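Me: Happy to have you along for this one. Could you take a look with me and talk through the ligand and the strands?

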Amino acid sequence: MKRIVTATRLPRNTGVSAWVAMLEPRRANPPLQADISADIVIIGAGFAGLSAAKRMVELDPRLKVVVLEAGVIGEAAAGRNSGFLIDLPHEVSSDDYGGDSTQRSKEAIEISRTAIALASSIAAEQGWTRDIFDPCGRYSVAISEEGDNHLTDYAAQLEKFGEKHQLLDASEIAGITGSKAYTSALFTPGTVMVQPAAYIRGVADSLTNSVSIYEQSPAIRLEGTGSTWLVKTPEGSVSTTRILLANNGHAESFGYFGGQLLHVFTFASMTREFDPARLAGQRRWAATPALPMGTTVRRVQGAGGDRILVRSRYTHHANLEVSAATLRRAGAQHDRKFRARFPDLGDMPMEYRWAGAMAVTWNSVPAFGEVERGVFAACGCNGVGATKATATGIATAELMLGHTSRLTEIYSRFDKPKAMPPQPFRTIGAKASLAYREWRAGAE
Ligand SMILES: Cc1cc2nc3c(=O)[nH]c(=O)nc-3n(C[C@H](O)[C@H](O)[C@H](O)COP(=O)(O)OP(=O)(O)OC[C@H]3O[C@@H](n4cnc5c(N)ncnc54)[C@H](O)[C@@H]3O)c2cc1C
């Protein structure tokens, strides 16, 4: 009997990502316009899908891998995030950055560092400059007494783990950011900052030989007969025995993980280019908020000039789409956050605003593993998505090829994603929880 799985939705990206706009237009790989075959078909060319492809051909260079991307590489979340490849745990769904059990925290660090090691090896191989891949570390910044206390507690946790860190007072962090708003900060050196669109395009373009990537080629239907799957796109198809769903929340659009993924969107704005003399401090730095759900701020300098990125606001959209009005409301919040931190730059308009999707699970585990015969998934994250999705891609590639590693061992112990309450309670609960957490983050 034929098994048919049809995609009920395809991704839609709202707003223009500054990271894409600041690059030359991409010369995308042509769409799939033929009926072909492959050993493995990967659906989705984000962190998870491309890292999986990289790991697969590392393990078996003879493998024929096809990657299908619905849009143009770099246009979706992997190319529209804030560019933090973070090595230490902090979860948007967590109340306490440092509160995991020791074992879980150590494993979270191992997971992130495995991902960063893969990214670093690609950066070295491709000879990327600091404009694309900058191992410069990150500041966690506080703007309130609660934030200060949180950073002090987190520093004590890092001390226990033997992790390098440095606490900074208000004047020291002002010397770096040029902002007098921050009351304290904690520097940790292991984060790598990327230009996310350049990074993900670069990873795709580094995959040569046995990996064929087709852009603007959404998988719209999976047809299973015996041990064979036919993955259909609007103009072609790929016959295979193994499929990897690396399309994040859109795994649910194919009917997988129903009621287990929460579709959370976050938003960013980037200023237009400004005269660097207008803001003291260093010309490149990256800061995440002391409290979960607060505001990320990053100063960039490069071909696009000196600019500041502000990322904040989390909203839930069960239909995986964000309206222009929701983006506008998030943008108004970005403007307020920006003015509070940089009053001297208060008149600086934002040139770009955009939204992007994340898929979160209730119990903070990845949506990972074999979901039915021959169909595997590497989806879902809970914050720190760039590194976690990369690691999930690597772990799934290893699982699919029967390779065992420290990563597969850690992943094999993850629980399955927990079922969330049915609709409409899921949406009501998610909106209430996000609003409460944002309220708790306050000025942060
Ligand atoms: C504004 C913003 C800022 C963020 N900042 C950070 C940050 O600084 N650090 C961090 O760690 N995380 C950050 N994140 C989260 C991070 O970007 C995501 O967690 C991460 O991109 C998830 O990677 P992924 O590969 O699982 O999914 P994605 O990056 O979403 O990739 C999935 C791909 O699948 C494709 N796809 C979907 N359906 C189909 C289909 N039917 N056929 C073919 N292709 C399909 C999509 O087009 C997409 O390219 C941020 C997110 C946003 C939106």
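This is a predicted model: local features need pLDDT of at least 70, side-chain atom pairs count only at pLDDT 80 or more; totals for chains, interfaces and linings use all residues.

Me: Which residue in the hairpin of strand 17 and strand 18 takes a positive phi?
Reply: Strand 17 covers residues 285–289 and pairs with strand 18 in the antiparallel sense, over 3 bridges. Within that pairing, Trp285 stands opposite Arg299. The hairpin leaves 6 residues between the strands, and the one with a positive phi, near 75°, is Met293.

Me: And which residue of strand 19 is the bridge partner of Val297?
Reply: Strand 18 also pairs with strand 19 (residues 307–316), in the antiparallel sense over 5 bridges. Their hairpin has 6 residues between the strands, with Gly305 in the turn at a positive phi of about 85°. Across from Val297, the bridge partner is Val310.

Me: How many residues of strand 18 are buried?
Reply: Thr296, Arg298 and Val300 point one way, while Val297 and Arg299 point the other, and all are buried. Buried here means under 20% relative accessible area. For strand 18, the count is 5 of 5.

Me: Now the ligand: how much of its accessible area does the protein cover?
Reply: A polar side-chain atom of Glu69 lies 2.6 Å from a ligand oxygen atom. A nitrogen atom of the ligand is 2.9 Å from a polar backbone atom of Ser82. Of the 990 Å² that the ligand has on its own, the protein covers 95%.

Me: Which helix gives the largest share of the shell around the ligand?
Reply: The ligand is surrounded by 35 residues. By class, 21 are nonpolar, 11 polar and 3 charged. The largest share, 3 residues, comes from helix 8.

Notes. Residues are numbered from 1 along each chain as its sequence is written. Side-chain values use heavy atoms; hydrogens and water are left out. A residue is near a molecule or strand if one of its heavy atoms lies within 4 Å of it. A polar contact is a pair of N or O atoms within 3.5 Å; within protein, one must be able to donate a hydrogen and the other to accept it, and residues adjacent in sequence count only if both atoms are side-chain atoms. Accessible areas come from the Shrake-Rupley method with a 1.4 Å probe; for residues, only the protein chains shown count as cover. Helices (H or I, at least four residues) and strands (E, at least two) are DSSP runs, numbered from the N terminus. Ala, Val, Leu, Ile, Met, Phe, Trp, Tyr, Cys and Pro count as nonpolar, Asp, Glu, Lys and Arg as charged, and the others, Gly among them, as polar. Buried means under 20% relative accessible area, exposed over 50%, partly exposed in between (1.4 Å probe, protein chains only). Two strands pair if DSSP finds at least two bridges between them.
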